[in-house]
Amino acid sequence: MIRLHHAAQARSMRVIWVLEELGLDYELVSYNFFDKSLRSEEYKALNPAGRVPAMEIGTGQVICESGAAVEYLAELGDGALSRAPGSPERAEYLDLLHYAETIGQHCANLTQAHIVLYQDWMKSPTQMGLEAKRLAVTLKRLDAQLADGRDWMLAGGYSAVDCALAYGVFVGARFTSLDEMPNLRAWWGRFKARPSFAKALPQEGEPLIYRKDFYPPPEVVKPEENA
Ligand SMILES: N[C@@H](CCC(=O)N[C@@H](CS)C(=O)NCC(=O)O)C(=O)O
């Protein structure tokens with residue numbers, strides 16, 4: 001039996017989406033992102049970095065990278081969500097699966113800047129603005145990926161790549177506008193309409209990382225405009 005260690009609104013959502021899409025049995029153990037429970041010795045025995053996800057796969061082994069967990073699960077059974085070696089979409093599949101963490105890193109940096117660093121003096125407006133712009137560039141690549149009218153990230157249909165990338169949109173849209181990314185917005189609408197989507201949403205009363213739908217970048221006034 002798979003046991004997934006998870007925190008609301010964290011990267012472990014990717015793994016829940018795949019587990020749900022595949023209809024696999026699993027136990028969900030939820031943590032509070034803010035109460036230091038991820039730093040307990042017990043948890044660090046599972047994931048020494050003290051992060052989520054950690055996925056116990058029933059063999060005594062634990063997968064701690066969300067991308068690896070997604071890839072591992074997608075290859076179970078008939079591998080319907082995967083693109084096996086030899087598949088014409090294999091290279092694109094792996095590239096996008098790992099690209100999810102390029103987006104994820106900007107989301108993490110912006111989460112730290114806007115939420116974890118809770119006082120203004122701790123924050124760098126320059127870094128926040130730059131990260132938001134860099135995040136937008138990474139999301140625009142996804143908008144372009146969908147420009148030929150395909151429904152899902154791979155032309156061959158829905159895959160684990162959609163689950164991996166969805167986390168970047170779930171968080172990324174809180175830090176940069178998707179207004180100029182119509183293909184990505186339409187894809188996000190389709191992704192949210194799948195029954196698996198809601199299964200990864202926070203449960204009633206769970207502590208949230210993101211309490212707002214949008215965290216605008218700080219306004220930077222250039223000196224000449226300030227005169
Ligand atoms: N590359 C890892 C990153 C895992 C990660 O940083 N998870 C965040 C939540 S989205 C976390 O647990 N952060 C807690 C912390 O940094 O203390 C993955 O994809 O699983």
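In this predicted model, the side chain of glutamate 56 makes a polar contact with the side chain of histidine 5, at 2.7 Å. Glutamate 56 sits in strand E3, and its list of touching residues reaches well beyond that one partner: leaving aside residues up to four places away in sequence, glutamate 56 touches Met1, Ile2, Arg3, His5, Leu46, Gln61 and Val62. One of these, arginine 3, stands opposite glutamate 56 in E3.

That pairing belongs to a wider piece of architecture. Strand E1 (residues 2-7) and strand E3 (residues 54-56) run antiparallel and are joined by three bridges. Strands of a sheet pair through backbone hydrogen bonds, and they can do so in a parallel or an antiparallel way. Here there are four strands, in the order E2-E1-E3-E4, and they form an open sheet with mixed pairing. Strand E2 (26-31) and strand E4 (62-63) each have a single partner strand, so they end up at the edges, with one side of each left without a neighbour in the sheet. Helix H1 (residues 12-22) packs on this sheet, where it touches E1, E2 and E3. The direction of H1 makes about 140 degrees with that of E1.

Glutamine 9, in the loop between E1 and H1, has a positive phi of about 65 degrees even though it is not a glycine. Lysine 36, in the loop between E2 and H2, also has a positive phi without being a glycine, in this case near 75 degrees.

Zooming out, the protein splits into domain 1 (2-74) and domain 2 (90-199). Taken over C-alpha atoms, the centres of the two domains are 20 Å apart, and the contact between them takes 14 residues from domain 1 and 24 residues from domain 2. Together the two domains bury about 1,700 Å² between them, with 62% of that on carbon and sulfur atoms. On the domain 1 side, Arg11, Arg14 and Trp17 lose the most area to domain 2, and together they make up 40% of what that side buries.

Trp17 shows up again in the surroundings of serine 196, which touches Trp17, Glu20, Glu21 and Tyr158, again not counting residues up to four places away in sequence. Serine 196 is part of helix H8 (residues 195-199) and is buried, with a relative accessible area of 5%. Its side chain joins that of glutamate 21 through a polar contact of 2.6 Å. By comparison, the C-alpha atoms of serine 196 and alanine 136, 60 residues apart along the chain, are separated by 26 Å.

Arginine 83 touches Glu89, Arg90, Tyr93, Leu154, Gly156, Gly157, Tyr158 and Ser159, with residues up to four places away in sequence left out. A polar atom of the arginine 83 side chain lies 2.9 Å from the backbone oxygen of glycine 157. With a relative accessible area of 10%, arginine 83 counts as buried, because that label applies to anything under 20%.

Technical notes
Residues are numbered from 1 along each chain as its sequence is written. This is a predicted model: local features need pLDDT of at least 70, side-chain atom pairs count only at pLDDT 80 or more; totals for chains, interfaces and linings use all residues. Side-chain values use heavy atoms; hydrogens and water are left out. Buried means under 20% relative accessible area, exposed over 50%, partly exposed in between (1.4 Å probe, protein chains only). A polar contact is a pair of N or O atoms within 3.5 Å; within protein, one must be able to donate a hydrogen and the other to accept it, and residues adjacent in sequence count only if both atoms are side-chain atoms. Contact means heavy atoms within 4.5 Å. Two strands pair if DSSP finds at least two bridges between them. Helices (H or I, at least four residues) and strands (E, at least two) are DSSP runs, numbered from the N terminus. Axes are lines fitted to C-alpha atoms, for helices over the stretch in contact, and angles run from 0 to 180 degrees between N-to-C directions. Domain bounds come from an automatic or database domain assignment. Buried area is the accessible area (1.4 Å probe) that two parts lose on being put together, summed over both.
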